[in-house]
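Try each one yourself before you read its solution.

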Amino acid sequence: MKSYLPPLSVIFVWHPATAAVSKPIVEHCFSLLSRDVDKAFSRSMNLPIFYRTSCKKGVPTKIEATSKKTVVFIFVNQEVVADDSWVGYLKDIPKTESVHIIPIALDKTAFNLNDVFNNSNFIRAYEFDQNLINDYMFLAVTHEIYRCALNESFRSMAVGKDNALKIFLSHAKDGKNGIKLAKALKKFIDNSSMRNFFDATDIAPGYRFDEEIIGHIRESTVIAIHSDSYSSRYWCQREILSAKELNRPIVAIDTIEEFEDRRFPFASNIPGVHVHLDGEPTEKDLLRILSSTLLESVRFFYSKLLLEQFIDAGWVKPDVEIRSRPPEVSDIEKLLFDDCGSIKCKHKSLVYPDPPLYSEELSFLSKLGIQLSTPLTFDFCSLKDKSIGVSISEPSEEELITIGQTSAHLIQLSQDVARHLLSRGATLVYGGDLRENGFTEFIFNEAHALQARLQSQSIFLKNYIAWPIYKNDSDDVSRWKAKYRPIAKMVEVPPPDDIRDLIPSEDSFWTPGNSQNLFVWSRCLTEMRNKMIEKCDVRICAGGRHFGYKGRMPGVLEEIIIAVEMKRPLFLLGGFGGVTTSVCKLIQNITIPEELTQDWQIQNNMGYKELLDFCSSRDGQHSVDYIALVKNLKSENLNNGLSKEDNILLFNTPFMDEALHLIFKGLKSIFIE
């Protein structure tokens with residue numbers, strides 16, 4: 001058994017002077033290649049994507065190869081070429097077989113760095129239609145990811161078409177819309193810069209159809225263009241069946257004009273794109289189809305590599321059968337065999353990418369005795385009747401830039417943690433505000449979607465809210481309670497008794513505008529955290545801001561301290577920045593981070609000294625002793641069922657898959673073994 005090595009990660013690098021051009025492109029690519037955080041429980045690949053840039057003078061954090069393959073995209077223009085420190089930074093990027101560097105020319109001066117990139121081919125962004133720059137750049141970026149990291153027939157010395165994604169255009173020869181779209185796609189590919197991204201294949205007349213079809217499909221992604229007559233044509237059916245038998249990616253394009261009397265059943269379980277053709281297909285239509293084709297190709301082959309890595313790392317049993325798309329009826333032939341007149345299963349277990357299908361859809365395979373699972377459900381350990389607390393919040397933008405992440409990474413982490421815990425029957429305990437698009441909302445939406453997906457009524461969350469926060473915008477709170485009533489309970493924590501003399505009225509909301517009010521807020525937040533963690537069996541922490549908080553110390557830090565004091569099992573995900581990273585550094589005895597000292601906190605938080613002074617003048621027992629705090633944070637106090645070595649991995653990994661695996665390894669040790 002090997003240690004976990006992510007099969008692929010992608011890094012985007014840009015100079016802050018190019019942010020206006022580079023950042024929208026990167027955000028567009030991230031939203032498609034990773035996961036749309038606004039679509040709870042969406043089917044996506046969750047490709048690990050990181051950034052390297054800087055918000056001040058200087059260069060970004062050093063790039064290190066932490067995956068089996070790393071594809072690095074570097075935006076280059078005159079600002080980069082003229083900046084000696086950045087040129088030096090680019091020269092220091094590892095030049096190894098596992099690291100593929102793809103420069104992106106934003107202008108022609110970029111080619112003055114040919115020597116830095118060993119005369120590699122540039123993606124010439126300045127040549128693309130700037131009105132469609134995001135679409136063209138997504139195709140270019142995704143194609144390079146496929147070409148360098150996922151193309152099973154990749155040859156390092158070959159360029160352009162020799163390593164291009166091969167496309168098989170499947171359409172009915174008498175389908176007007178199908179023919180029109182197929183010709184437009186092929187012409188668009190052959191007569192534009194897209195010729196370097198795709199190799200489009202149509203069947204040439206005079207060849208044996210059955211031999212040529214299999215030969216081309218064996219190494220292609222199939223675009224199935226559905227016209228009115230498509231599903232009724234024998235050879236169209238053969239093309240789909242061949243693609244399924246040969247385990248190739250398929251994308252369906254719907255161009256039906258009026259009516260299709262029967263949709264071929266094997267042309268399902270694949271992504272689909274609708275194109276309305278009044279006249280000729282538009283450039284936007286063609287880009288949308290090709291983007292979907294590349295996206296599915298990358299998702300298909302990355303899923304395969306990821307599941308294989310799970311097997312190599314020992315996370316999944318080696319005798320499982322893996323699939324890059326959800327199982328379907330056509331898989332029966334691959335899973336069964338005739339043993340002297342008795343039908344038997346070749347595989348007792350099958351794993352496919354998340355999210356899980358509804359149980360009714362899988363009943364035909366379950367009845368055959370085949371165990372079906374996804375990364376979300378394999379190695380299942382029940383957490384029924386367990387309350388798991390989650391503390392995930394975003395650090396400052398500057399901190400996130402330093403580690404190559406954005407707030408979207410933390411949102412995705414919170415969604416992944418939530419779906420894994422909830423799917424195992426845990427009650428999720430969260431202390432969050434009710435901001436629109438806040439972490440609480442993303443977690444609650446994930447629970448809503450998972451409840452429907454698993455056809456369960458047992459999924460449940462508890463959201464603790466401190467006074468006076470729950471008195472703010474009472475209509476909004478009421479709407480939240482009504483919307484999430486089937487899955488969640490709002491626990492309103494009143495002020496502690498020792499500060500009631502400072503509160504004129506508990507029926508109204510008021511802001512922490514002075515040191516006394518800030519003290520009241522801090523006591524209420526501490527009270528809420530104590531009540532919340534007291535009800536938790538386990539606590540999971542990631543991120544957390546170092547400054548700009550309203551309590552007596554950073555919120556995630558206080559929750560870590562309370563969990564240690566109450567001896568609750570504690571999992572610290574230090575690879576996502578913030579206070580949690582500082583605590584992980586402290587525990588590893590690397591250093592005492594300055595942000596965990598009282599002097600730093602006073603210097604970086606306006607009004608913090610006044611708050612501490614008020615605490616001392618009040619009674620002193622609620623002051624913060626940072627020296628004692630540092631002494632109490634030790635790995636042996638985490639009580640999380642992980643070895644010291646596993647905790648170090650958890651402290652440092654930026655990969656969500658590995659972090660989740662380690663959390664559940666610890667939970668199994670605590671609750672099962």
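**Exercise 1. A helix with a hidden side**

Which residues of helix H21 (residues 644–652) are buried? Keep in mind as you work that this is a predicted model.

*Solution.* Start with the cut-off: a residue counts as buried when its relative accessible area is under 20%. In H21, that applies to Asp-646, Asn-647, Leu-650 and Phe-651. Next, look at where they point. These residues lie on the same side of H21, because they cover an arc of only 145 degrees around its axis. Finally, ask what they face: the buried residues of H21 pack against strand S21 (570–573), helix H17 (578–587) and H22.

**Exercise 2. Two helices in contact**

Find helix H12 (residues 407–423) and helix H22 (residues 656–671), and describe how they pack.

*Solution.* Begin with the geometry: the axes are 11 Å apart, and the helices meet at an angle of about 35 degrees. The crossing of H12 and H22 is right-handed. Now list the residues in contact. H12 contributes His-409, Gln-412, Leu-413, Asp-416, Val-417, His-420 and Leu-421, while H22 contributes Met-656, Leu-660, Phe-664 and Leu-667.

**Exercise 3. Reading a sheet**

In what order do the six strands of the open sheet with parallel pairing stand?

*Solution.* The order is S19-S18-S17-S16-S20-S21. Then check the edges: strand S19 (488–493) and S21 each have a single partner strand, so one side of each is left without a neighbour in the sheet. On average, neighbouring strands of this sheet are turned by 20 degrees against each other, direction ignored.

Zoom in on one pair. Four bridges link strand S17 (residues 427–430) and strand S18 (residues 460–466) in the parallel sense, and Val-429 has Lys-462 in S18 as its bridge partner. Helix H16 (residues 555–565) lies across strand S16 (387–393), S20 and S21, and runs at about 155 degrees to S20.

**Exercise 4. A hairpin**

How many residues lie between S12 and S13 in their hairpin?

*Solution.* There are two residues between them, and Cys-340 in the turn has a positive phi of about 55 degrees. The strands themselves, S12 (residues 336–339) and S13 (residues 342–345), run antiparallel and are joined by four bridges.

**Exercise 5. Details in the loops**

*Solution.* 
- Between S18 and helix H14 (474–483) you will find Pro-468. The peptide bond from Trp-467 to Pro-468 is cis, with omega near 5 degrees.
- Between H16 and S21 sits Lys-567. Its phi is positive, near 60 degrees, in a residue other than glycine. Lys-567 is exposed, at 64% relative accessibility.
- Between helix H20 (626–632) and H21 comes Asn-639. This residue is not a glycine, yet Asn-639 has a positive phi of about 50 degrees. With a relative accessible area of 37%, Asn-639 is partly exposed.

Definitions and conventions: Residues numbered from 1 in each chain as written. Predicted model: local features only at pLDDT ≥ 70, side-chain atom pairs only at ≥ 80, totals over all residues. Heavy atoms only, no water. Axes fitted to C-alpha atoms, helices over the stretch in contact; angles between N-to-C directions. Left-handed = near helix turned anticlockwise from the far one by under 90°. Contact = heavy atoms within 4.5 Å. Pairing = 2+ DSSP bridges. Buried < 20%, exposed > 50% of the residue type's maximum accessible area, 1.4 Å probe, protein only. Arc of directions from axis to C-beta.
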